[in-house]
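Thanks, everyone. Let me put the structure up, and then I'll talk you through it.

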Amino acid sequence: MPAEALSFRERAQLVIQREVGRLLSPLWVPLVVATMRFGMGWRIEGLAEARRAYRELWRGSPHGVIVCANHLTMVDSFVIAWALAPPWWYVLHYRSLQWNTPEQENFARTFGMRAAIYVAKCIPVRRGGDRREVGRVLARITWLLSRGEAGLMFPEGGRSRSGRVDAGASTYGVGRIVRALPGLRVLCVYLRGDGQETWSDAPAPGERFRVRVEPLEPKSDHGGLRGSLEVSRQILAKLGEMEREHFDARR
Amino acid sequence: MERKEIFEKVVKILTPHVKNQAALASVSDSTHILDDLKVNSARLVDVVLAFEDEFDIEIPDEDVDSVNTVGDCVRLVAEKLG
């Protein structure tokens, strides 16, 4: 579904959601980061380089940025956001805080959870659910990015069940968004904790993450679904390459 | 191409991806691909690409959103074949 197919009501809902989150951001953004930093005792190595790259890409992009990352835990989007900019940056440049699409069953079970993810720029999706509903979520993200917002997607479509990037994953959502928005900047992010052998619900307390970032300009000469899939696979191939570099550097 | 022929080819393409083989015995237009046949949603893309190859058609990725049942697949292919 093309982004322009969103109804006025849907667009208004997204604008309201954004504004509610923005107004509350001086409270919730530092709180989330403080919880990760001091509550969980997590650390990120490579923070300065990642933040510099994100700022540069952000400033040079009038059409928004999409962050594409590997996926190991249910809280990756929070850790990645923290890796890419400090809390004050997001409060001042709220558009640069990434929208993301958490699994509905994990994050939207209770009213409290739904309220929290509403504020935190999330649009829940039921993976493997009705294709029209999934398509509407993609259309919402596409529309937001077309307005200069940032988004975060996991091109594998779920947490890496093998613990490694699945370069053959047949997801097309990221590719569809990238192809729909010429000029959209793509930033590949590889994040992994030293203690993360495979996927899990959450990283262990005291985890030390390492982050790598690389801009990418994926392209495809194909049209339709094949083109979207090819773009998604180029992004996955880059994440796989970054994963190899991660492990090579640790030998 | 006859609708029946499209239906048979669609089912043949779906078959390798079906986890609930018992459901194939009573497959019909209303059979849900993900819920009844238990095809992995990630594999749905491969299925649609196989339709493109088999029927020599191009399917816009937005059209994948309308594919939920076997009947949806048949209708989509028939539309593209004109």
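First, the caveat. This is a predicted model. The scores are ipTM 0.77 and pTM 0.90. Chain B averages a pLDDT of 91, and 100% of its residues score at least 70. Within chain B, which element has the lowest mean pLDDT, and which the highest? Helix 2 of chain B, residues 44–55, is lowest at 91. Helix 1 of chain B, residues 3–14, is highest at 95.

Now chain A. It has nine helices and six strands. The C-alpha atoms fill a box of roughly 50 × 40 × 35 Å along the principal axes. The radius of gyration of chain A is 17 Å. A compact globule of 251 residues would come out near 18 Å, so chain A agrees with that expectation. Of its 251 residues, 42% count as buried. Look at the contacts in chain A with a separation of 6 or more: 75% of them come from residues 24 or more positions apart.

Zoom in on helix 8 of chain A, residues 173–180. How many of its residues are buried? Eight of eight, so the helix is mostly covered, given the cut-off of 20 or more other C-beta atoms within 10 Å. That run includes two arginines, A:R176 and A:R179, both buried. What do the buried residues of helix 8 pack against? Strand 2 (65–69), helix 7, strand 4 (150–153), strand 5 (185–193) and helix 9, every one in chain A.

Take one residue on the helix 7 side. A:L138 lies in helix 7 of chain A. Why is A:L138 classed as buried? Because it has 26 other C-beta atoms within 10 Å. Set aside neighbours within four places in sequence, and A:L138 is in contact with A:G173, A:R176 and A:I177. A:L138 and A:G173 are 35 residues apart in sequence, but 6.8 Å apart in space, C-alpha to C-alpha.

On to the cores. In soluble globular proteins, nonpolar side chains tend to be buried together. Here, the largest nonpolar core has 58 residues. Those with the most contacts inside this core are A:V67, A:I80, A:C188 and A:V189. Helix 7 of chain A gives the most to this core, with seven residues. Now follow A:I80. Beyond four places in sequence, A:I80 touches A:V67, A:A69, A:L152, A:V189 and A:L191. There is also a second, separate core of 23 residues. Its members include B:L37, B:V67, B:L76 and B:V77.

That brings us to chain B. It has three helices and zero strands. From the N terminus, the order is α-α-α. The radius of gyration of chain B is 11 Å, close to the 12 Å from the globule rule for 82 residues, so chain B is as compact as a globular protein of that length. The C-alpha trace of chain B spans about 30 × 25 × 20 Å along its principal axes. Buried residues make up 26% of the 82. Among contacts in chain B between residues at least 6 apart, 48% join residues at least 24 apart.

Two backbone details next. A:K121 is not a glycine, yet its phi is positive, near 55 degrees. A:K121 is in the loop between helix 6 (111–119) and helix 7 of chain A. B:D56 also has a positive phi near 55 degrees, again in a residue other than glycine. B:D56 is in the loop between helix 2 and helix 3 (70–81) of chain B. Buried or exposed? A:K121 counts as buried, because it has 26 C-beta neighbours inside 10 Å. B:D56 is exposed, because it has 9 other C-beta atoms within 10 Å.

Last, the interface. 21 residues of chain A are in contact with 19 residues of chain B. On the chain A side, helix 7 (131–146) and helix 9 (224–250) each supply at least two residues. The largest share, five residues, comes from helix 9 of chain A. What is the make-up of that side of chain A? Seven nonpolar, eight polar and six charged residues.

That's my tour. Over to you for discussion.

Notes:
Residues are numbered from 1 along each chain as its sequence is written. Chains are lettered from A and ligands numbered from 1 in the order in which they are written. This is a predicted model: local features need pLDDT of at least 70, side-chain atom pairs count only at pLDDT 80 or more; totals for chains, interfaces and linings use all residues. Two residues are in contact if their C-beta atoms, placed from the backbone, lie within 7 Å. Helices (H or I, at least four residues) and strands (E, at least two) are DSSP runs, numbered from the N terminus. Ala, Val, Leu, Ile, Met, Phe, Trp, Tyr, Cys and Pro count as nonpolar, Asp, Glu, Lys and Arg as charged, and the others, Gly among them, as polar. pLDDT is the predictor's confidence in each residue, from 0 to 100. A residue is buried if 20 or more other C-beta atoms lie within 10 Å of its own, exposed if 12 or fewer, and partly exposed in between; C-beta atoms are placed from the backbone. The radius of gyration is taken over C-alpha atoms; the globule rule is 2.2 Å times the number of residues to the power 0.38. A nonpolar core is a set of buried Ala, Val, Leu, Ile, Met, Phe, Trp, Tyr and Cys residues joined through C-beta atoms within 7 Å.
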